[in-house]
Every structure is written in structure tokens, then in C-alpha cells.
Amino acid sequence: MKKLATIFIALLVAVITTFGGLIGCNREEAEEIDYNKTQLYVGVYNAGYGTEYVKDLKTRFEAEYENESFEDGKTGVQIMIRDVEQGGVFLGQINNLTIPEVFFTSNADYYQFYDRGYILNIDDVVTENATAYGDNGTIESRMTEDAKNFFETDDGYFAVPYVTSYEGIVMNVNVWEEEALYFAKGGAPSEYQRTNANCDPALSGEWSEDLLYFTGTGAKSAGPDGKYNTYDDGQPATYEEFLLFCDNCYANGVQAFHWAGRWPQTISKVGISMVADFEGIDQMKLNYTYDGTAKDLIEVDDSGNITRLPEQKIDNSNGYLLAKQEGKYQVLKFWYDLLHSQNYFDANTSLNTKTHDSTDATDDFVTGGILTGKKKIATLLDGTWFWNECQPAIDVVRESTNGRLNKDNMKFQMMSFPKATVDKVGEPMTMRIDGTSICAINAKTPTWKVDLAKKFVRFAFTNESNLKFTEITSCLRDFDYTAPTGYLNNNYFAKTLYQMSNAADRMLCASDNPMYLYNAVNFYNSEIFWSSQVGGTFYNVPCTAMTKEGESATNYFNGMKNYRTKSYWDTLYKDFYYYNVPQD
Amino acid sequence: MINAKKHVTMNQKLRGDRIFYWAFLAYPIIHFLIFYLYVNFDSFVLAFQRYDIESKTYNFSDPWYNFNRFFNEFNKNSVLIDGIIMNFVNYAFRLVVIIPFTLYMSFILYKKIPGTDFFRIMLYLPMMISSTVWVLLYEYAAENMIPEVIRSITGQSIGGLLSNDSTAMGMLLYFQMWYSVGGGTLMYISAMSGIPEEQVEAMKMDGAGSIREFVHLTLPSIWPMFMLFLWTGVAQIITSDMSLYTFYGDDEASAPITTFGYWLSIRKIRAAQNVFDLPYVAAMGMIESAIILPLMFSVKKILSKIGPKTEG
């Protein structure tokens, strides 16, 4: 009896601990197969952007072909949606899978899928004018030059990018308004400096700190774009103003910025976006093309004094010199100043709790100042997928405020990056776009079904589908497509993102240089981008080096140069020197 | 006529036995030929090859490239030296704490002290439940529960114990111990159960206490198994990732400590995504084997020489 009781208790504990972890799972029931229709399996990486946009495609595509037959004895199409892994994992699986036939995934190394023959040629789809769907123009005609160069291989197109991923800073607009965090017209130091030859406004006698912030009367400052009445009015225009903004938050009891403790690389990724904004397209693109002239290489001594280096022709053999780009130093300095003071963020969660993940950070940010015990947070380091991912948190807020606050009046927007110096204010923002989202057709798709799969891909990228994608996910696609006036008025996040994107110079972080194509992960991985060797210590996350090891921006920057030596570069990339290195 | 018939029947039976015998052996032999010989031979050859971009094939244009690349990266990265030290710390902990504790627990359970069944269940529990579940539970306890308890008692925030550099090592070592003691105990108890009762009784009659019984009878009796544990443990000196992959995934940057085994695993996973880097992965595997094999055989030789002998 005693033995039986022991076994029973042991089994009970085992079952509770094993299945207890699954209680939160809420799997949707799989759709039943309709044997009167032809099934097309579509795989979606269900993270960030969700699956709603594919469900919308399913509804419209099934309706479009409800009376058409693709196999004997069947009429119509049934789109079966399946989850797929993120690109890196899916690359290792797809060769053994016959379904999905079409897939959308992120973090994918496009060239590896193509080079191994895992995906089908869709040249005809990309260059076809899909008038049948009421569309006017080809997919190719809407792609940026950057995207065309990257996605068009020697054998044609094999995939198209399905989303523009961009990492940056998200603002809680409600908190900014309630706490008067915007800068005021005439009060923002950068505005005074721009019109008064960089003079310190505090010394002018006609300026006081009372003028700094917008309190509801008058107007907001011009922001980083230097223009009034645009999407970035009142936002910090320079790094210096961002620090003032953080001080203002601290004075008002607001946390200035927040990120998920599990991902210290968040700052690294936002940092790369900021480097791109500092450098501009021509200089930043060198980090992917390794073909051009580097114009802002610097050296920094131990005291932080900068020496400018002469212009340097960059090719595959000397790409390591790009570690000396000024933007990298300026951004490291910016983050060092912010992280050095622990008044601006919550070290307990963001530095010291690895279970604090993206969902927790989003919840903290959205519910801050609303739910009991939650502090107001002004900004979150995140990406363009934020609005789509924050909906559960908004639902919690709606319920706890009896509907007073809801998704229609909770306003969030991607922030324009402040500029490093006043003289850069007014320059267009450079948006660094991740080149790892792909939509493609599995090479194992049965021949008779390829035409249907191609029809689906073409349908997924019509102007209407692009707009629907933005409407549903609040994210953009790296295509030229125009939203009709007022189309996004009900979605503040999407509207401001659309405005920011249209005003910005967009840059795809990819190139057709074989050195990039065969080593893409080395160039888009933030840990490799920020690798640094300070003395005998190796770092790859500036946030950790600065907060836990106390490394300065100067040491970190010089460590990046030390890490990328000529011999190290030769070992990794010598095979690719044939491409653009002049032969003696 | 009868004899001829009998002869035919015998031949048929023999043939049938042979067919059965070869059918029985065919699967493991084919498995061995493909997954052991072919795969390892292929990896061995691949380690000396490079991927040619133009022809999209592997060739022997620079046979030592992958090895040079590894040592270049090794020299560059101070994390690796620290990682190897971590691996040795981990092995030392296993040797000094986990193995003696496992032996101690096994002996106690073998001697059937009061509460044996309870201890047995508690020790086996980690083996009965998925490691992912344990990792999740352990992670939340270390990162949220314990810090919260400490905060409520002392009023001080200490942060997560796995996120904190000064506590992460201890927490990971403790997890190793907690997770591996059950499996080891199970094996040792099985071996101890095979000790003849007469020998135990004889020792008791000679007035031997528990310690003497353990040192002079139990340990020598289970020495081959003990040696096997030590020996296989040596193989993990370099390759063990101390459960870092389970806790931190391939997110190297979040791990406050890195072992060489963990670093190597991540490099392999990343490189395996790229046709250009596959030979590099193969070279890594060869280097790993080149370090481990001599070490394992040396330890085996030493252990077989120093093994204790049973009394009587």
C-alpha cells in the first residue's frame, strides 16, 4: 500500500510538472481537409507579424479561384496554413519536407536556400504584370534597387521579401503627452544652435530651461528632420537632447527606456540602426558591399580625441578597416552615456533577469502607469513588429480600464533617431532594413502544383495585398506602394511608420557580393558586427561590456579595430578577393 | 529415403537459421557502415576540403585551411581560454562533488536506510521528467522566485541568479549535480545489488563498519562501472556545455559564462547553415577528437592500474 502510494505521488508530480507548463498553450484547431478542393500548403513563421495576414490572403485567394479546377474532379482551392520555423532552422528542415509548398519566414539566409536548390525559380512571378488580380505593375517594378540587386541571382528570382523589419525605438505617445516630454519650438537647444552658429543657448541670455518642453500651448520643436508639422515634431533632435529627455523623464518619475533583459543584443541591434542613420546609405552600405570609398574613418586616443583618417578605397581584402567608421564610435558613446546612469532604465529587469523576455518588456511598456505597481515608460527598444505583438497587453489595459483605454486611443510610434550633432539635424533618416525575410516556393512542390503555388505568390504581392499586409500587421513591405489618403488614419503606429519610411532613405542590409552571399550571417549578426577585443577580453555585446565590465566607448571602439586584423580577415575571406580586389 | 529427407530438412533448417542470423545482423551492420564508417570517413575527408564557389563543389585546394582558421579564431578569442578553464572547473566539480555524492547516496539507498523509497523517488524525479521542463522550472526559480524571496526578507534586489556573473556558475553547477545524481545512483545501486550477500555478511562478522564495507567491498565490486563513469566523463571535459545550450539556446551573448564545449556547439550550429563552412565544422570535430582520444586512453590506462582489489 505504502509502495503504491509512493508510486502514485511520483507519477502525479511528474504529470503536473510536465503538463503544467503546457497549460498556457492555446492551439488553434487544424482545419479539416476539403477533399473537393485542391490543397495548397502555406507555411508561416508565426512570430512578430502573426498569421492574420496569411488568413486574409487565404480568404481572398480561395474566393478568387472558387470556380477553377487545378486537378481532376476537384474545384476550387483550399489554403492550408502551417507553422514553419525561423529561416535558420527551416534551412535545415526544408530539404526533407514536401509541405509547405509556399512559405513566409524570417531570419533566413536567402542565398543558402537558393544555392542548395531548396527553392524554385519564380522569375516569371516577379516580372509578371498581374492584371488578372486588378493589379497594375509587376512585383519587380515595385522593388527597391537594393532589393532587386540582392534577390535577383544569376538564375533569376527565387524569393521576394515579405516584410520590412526595422529595429529602433518605440515611443508611448500617451506618456509623452501626459508628462510633457516633447521639446518645444524655440526651446529645443538644437534649434537655437542651428540658427546661432552652434552657440550654447544657456549662455545666450534669451533662453531658459522653462522653454525646453512642450506643455500643450505653442508648438513642438522640429525634431531630427528639421521640419515642422511632420511625424517627428518634438522628438529629441540630437544625442544631447536625448540625454535631456532622459533627465526630464527621471525628474517626472518616468522610466526613459526599457528593453527585454533576456536580449542584451537589443541595444546592439538598435545600435546598428543608429550607425546606419549616422553614416548614411553610401557609407553604411560598404559594410555589406565592400566596394567603394570609406570617407569617415577615424582613430580615437585613450582620452577620446578623434583623428580623421584619409579616404580609403574599400574592397573585399580590406573590409576590416570599416571597424574605424565614426558612426560606430559615436553610437557607442551615446549608449555609454545612457547606460552609465542607472536612472534611465530598470537595471533589475533589463540587466539582471534573463527570464524577462520580449513579451514581458512589451507588457511593462504598454501597461506602465495604468496597472497598479507599473511605472510609466517613455520608450521601448524594439522593432516594427511591436504593434502586432502588443495587442494582448492592450487587451489587458482595455479590460482593466473598462474600455476607457483601447487600441484606438493608445498611441505608439517608431521614433526618429536623434542625430549625433546639430549639423546633422535635417538630414533624412537612413532606415536600415533587414534583408532576411523571404517568401518562396519549396523545390519539392509537385510539378502539377507549381503553377498554383506561383499564382498564390503573385497574389500575395499585389498592391492590394501589400496594403492589406500593412493594415493588418501595421508593418511595411520593402516595395513602393501607396496608401490612399486616410487609409491608415485609424492606426497611429502604421500611419507614422509609413510617414517615417516615406521620408527616410531606406537601405537593405545585403548585397550581391559573393563574400556577403556566402557569409551572410557574419554580416547581419549583431554579435559579429560589434565583436571587440579589449586587452585580453573578448566582447560581442556592448551593453554587457559597458554595464557589467565597465568598458568605455573608446576602449570598446578600439577593441573592434584590434579584433579585425588583416590576418584574421585574410583567413576568413581570402577566397573572395577575386571578386573586386585589383590583381598585381 | 528417410535419411535423405532428414538431410534435406537439416539443410533447410540451417539455411533458415543463417537467413535469420543475417537478417538479424543486417540492420546494425548497415547502420554501422553508413552512419559510422561512411559519415565519419566523409567528415574526415571534408575537413581537408574547401568549397569552390564557381563549380559549387568541394576540393582539396588548401587542405590545412580549416585547421588554420580554427587556430586563428582560437588565438583571437580569449573567451575560449576561459571556456576551457570553465570546462575543467566543471569536470573537477564532477570529480570532487558529484561522483562522491552519487556514490554516497547510492550506498545509503543500497543499505536501505529509513526513507529509502522517498529519497529514491526524489533522486529519480529529474530523470523521469523532460529536461526542458526542469530547465524552465529551475530558470524561474533562480531568476524570479529566489531573488523575490530574498528581496522580501532583506529588502535588497539581487537580480536573477543565472543572469548574475557571480552566481551563474554556482547555479549551473548545482543544476548539473541535481540533474545527474539520479541517473548515476540508479546505475551504482544496480551494480551494488550484485554483491553476494555472503560477502557482506562475512564482513559484518569480521566486525567491519559501513565505511570499511564501502571501501573494501562495495567500491572494489563496482570499480569497473566507476571506472566507466570516470572514463566517459573525461570525454566530456572538452565537449560539455554545462547545460548552457538548454538554458541560453544559441544566444551566446546572454550566457554570463561560456564553456569551450558551448562555444564549439554554437559555432557548429551556425556554420552548418552554410555550405561554405561545412568543412570548417568537420575540422572542428577532428580537432575535438584529436584532443579527447589520447586523453581518454591515458585515463583508462591509469585507472586500470590504480583500481582497488576486493578483500578476501
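With 0% relative accessibility, Ala168(B) counts as buried (buried is under 20% relative accessible area, exposed is over 50% and partly exposed lies in between, with a 1.4 Å probe and protein chains only). Ala168(B) belongs to helix α6 (residues 165-193) of chain B; helices (H or I, at least four residues) and strands (E, at least two) are DSSP runs numbered from the N terminus. From Ala168(B) to Ile306(B) there are 138 residues in sequence and 36 Å in space, C-alpha to C-alpha.

The model is predicted: local features need pLDDT of at least 70, side-chain atom pairs count only at pLDDT 80 or more, and totals for chains, interfaces and linings use all residues. Residues are numbered from 1 along each chain as its sequence is written, chains are lettered from A and ligands numbered from 1 in the order in which they are written, and side-chain values use heavy atoms, with hydrogens and water left out.

Turning to the contact between the chains, 44 residues of chain A are in contact with 42 residues of chain B, contact meaning heavy atoms within 4.5 Å. About 3,800 Å² is buried between chain A and chain B, and carbon and sulfur atoms give 52% of this area; buried area is the accessible area (1.4 Å probe) that two parts lose on being put together, summed over both. On the chain A side, Lys354(A), Thr355(A) and Tyr518(A) lose the most area to chain B, together 16% of what that side buries. Three salt bridges cross the interface of chain A and chain B, a salt bridge being a side-chain nitrogen of Lys or Arg within 4 Å of a carboxyl oxygen of Asp or Glu. Arg262(A) and Glu139(B) meet in a salt bridge through their side chains, at 3.8 Å from N to O. Helix α1(A) gives the most to the side of chain A that touches chain B, with six residues.

Over all chains, the structure holds 34 salt bridges. One of them joins Glu167(A) and Arg432(A), whose closest N and O atoms are 3.4 Å apart. Glu167(A) lies in strand β6 (residues 167-172) of chain A and Arg432(A) in strand β14 (residues 430-434) of chain A, so this pair ties together parts 265 residues apart in sequence. Both Glu167(A) and Arg432(A) are buried. A further salt bridge, at 3.2 Å from N to O, brings together the side chains of Lys566(A) and Asp570(A). These two residues both lie in helix α25 of chain A, four residues apart, about one turn of the helix. Lys566(A) is partly exposed at 37% relative accessible area, whereas Asp570(A) counts as buried at 18% relative accessibility. Glu31(A), Lys58(A) and Glu62(A) are linked in a salt-bridge network.

Aromatic rings come next. The whole structure contains 79 aromatic pairs over all chains (rings of Phe, Tyr and Trp, its six-membered ring, pair if their centres lie within 6.5 Å; planes under 30 degrees apart count as stacked, over 60 as edge-to-face and the rest as tilted). The ring centres of Phe61(A) and Phe456(A) are 5.2 Å apart and their planes stand at 85 degrees, so this pair is edge-to-face. Phe61(A) is in helix α2 (residues 52-64) of chain A and Phe456(A) in helix α17 (residues 447-460) of chain A, 395 residues apart. Phe61(A) counts as buried at 0% relative accessibility, and Phe456(A) counts as buried at 0%.
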